[in-house]
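User: I have a model open and would like to talk it through with you. Could we go over it piece by piece?

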Amino acid sequence: MVLQFAIVVSYLLLSLALLLGFIRLIRGPSLPDRVVALELLASLTVGFIAVSVVASGRAPFLDVAMVLALTAFLAALGFARYLEKGGHRIGD
Amino acid sequence: MVIEWLTAFALLAGSVFMLIAALGVLRMPDLLTRMHATTKAGVLGAGLTMVAVAVHFGTEPVIAKAVAVIAFLLLTAPVAAHAIGRAGYFMGVPLWENTQVDELKGRYDEKTHTLASSDEGESAESDGPAREG
């Protein structure tokens, strides 16, 4: 009973957090802001998968969380390298 | 019973921390403060939900996977934040107008990516916000 309540409230909080991060992803004035918002969205999705694993009792979904964390890290590094080497500067 | 309460507590704490991270990324004034919110609180929230999974199942493979995810998050989040912060600074993303200290300003060559640390005999130990750019 306690666990069911916690699962529902966690889903609600994580959905609200996804909404807030998505607002920053749309509005973000510069490209690094959007990359930070994307990384936060990936981290939130890892949390969503964890709550879903507890709710459904299907432990193999944890592999999805692991792979998602890995690809989010690689995407962040790729974006950072593109921003640094791409040469387009604000204010030029 | 105890395990159920522990799982519920870890799930709720992790969700609250991730909501705080999202609030920070929405409300903070510039890129570096946004990263400050999202990196630390986001990783802590995701790690707490993984702790909830490990406590809930309690079998060795699940605990191993959860520990692996937590270790991976703790290893990669600082590296990614460092890379994005560095790229943002080099791009010239504007800092918050109330920023007090910018140690790299005037000391970094954006073309050659070299750091001029000790030119003009400037005392490197001068702390305090009164430095002129």
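User: To start, what pattern does chain B follow, read along the sequence?

Analyst: Chain B follows α-α-α-β-β, where helices (H or I, at least four residues) and strands (E, at least two) are DSSP runs numbered from the N terminus. This is a predicted model, in which local features need pLDDT of at least 70 and side-chain atom pairs count only at pLDDT 80 or more, while totals for chains, interfaces and linings use all residues. Residues are numbered from 1 along each chain as its sequence is written, and chains are lettered from A and ligands numbered from 1 in the order in which they are written.

User: And which elements does chain A have?

Analyst: Chain A has three helices and zero strands, running α-α-α from the N terminus on.

User: Switching to the interface, how many residues does each chain put into the contact?

Analyst: Chain B gives 48 residues and chain A gives 44, with two residues counted as in contact if their C-beta atoms, placed from the backbone, lie within 7 Å.

User: Which elements of chain B are on that side?

Analyst: Those giving two or more residues to the side of chain B that touches chain A are α1 (2-27), α2 (31-57) and α3 (60-91) of chain B. By class, that side has 33 nonpolar, 11 polar and four charged residues; here Ala, Val, Leu, Ile, Met, Phe, Trp, Tyr, Cys and Pro count as nonpolar, Asp, Glu, Lys and Arg as charged, and the others, Gly among them, as polar.

User: Back to α3(A), which of its residues are buried?

Analyst: The buried residues of α3(A) are L62(A), A65(A), A69(A), A72(A), F73(A), A76(A), F79(A), A80(A) and L83(A). A residue is buried if 20 or more other C-beta atoms, placed from the backbone, lie within 10 Å of its own, exposed if 12 or fewer, and partly exposed in between.

User: What covers them?

Analyst: The cover of those buried residues includes α2 (31-56) of chain A, together with α2 and α3 of chain B.

User: And what share of each chain is buried overall?

Analyst: In chain A, buried residues make up 41% of the 92 residues, and in chain B, 37% of the 133 residues count as buried.
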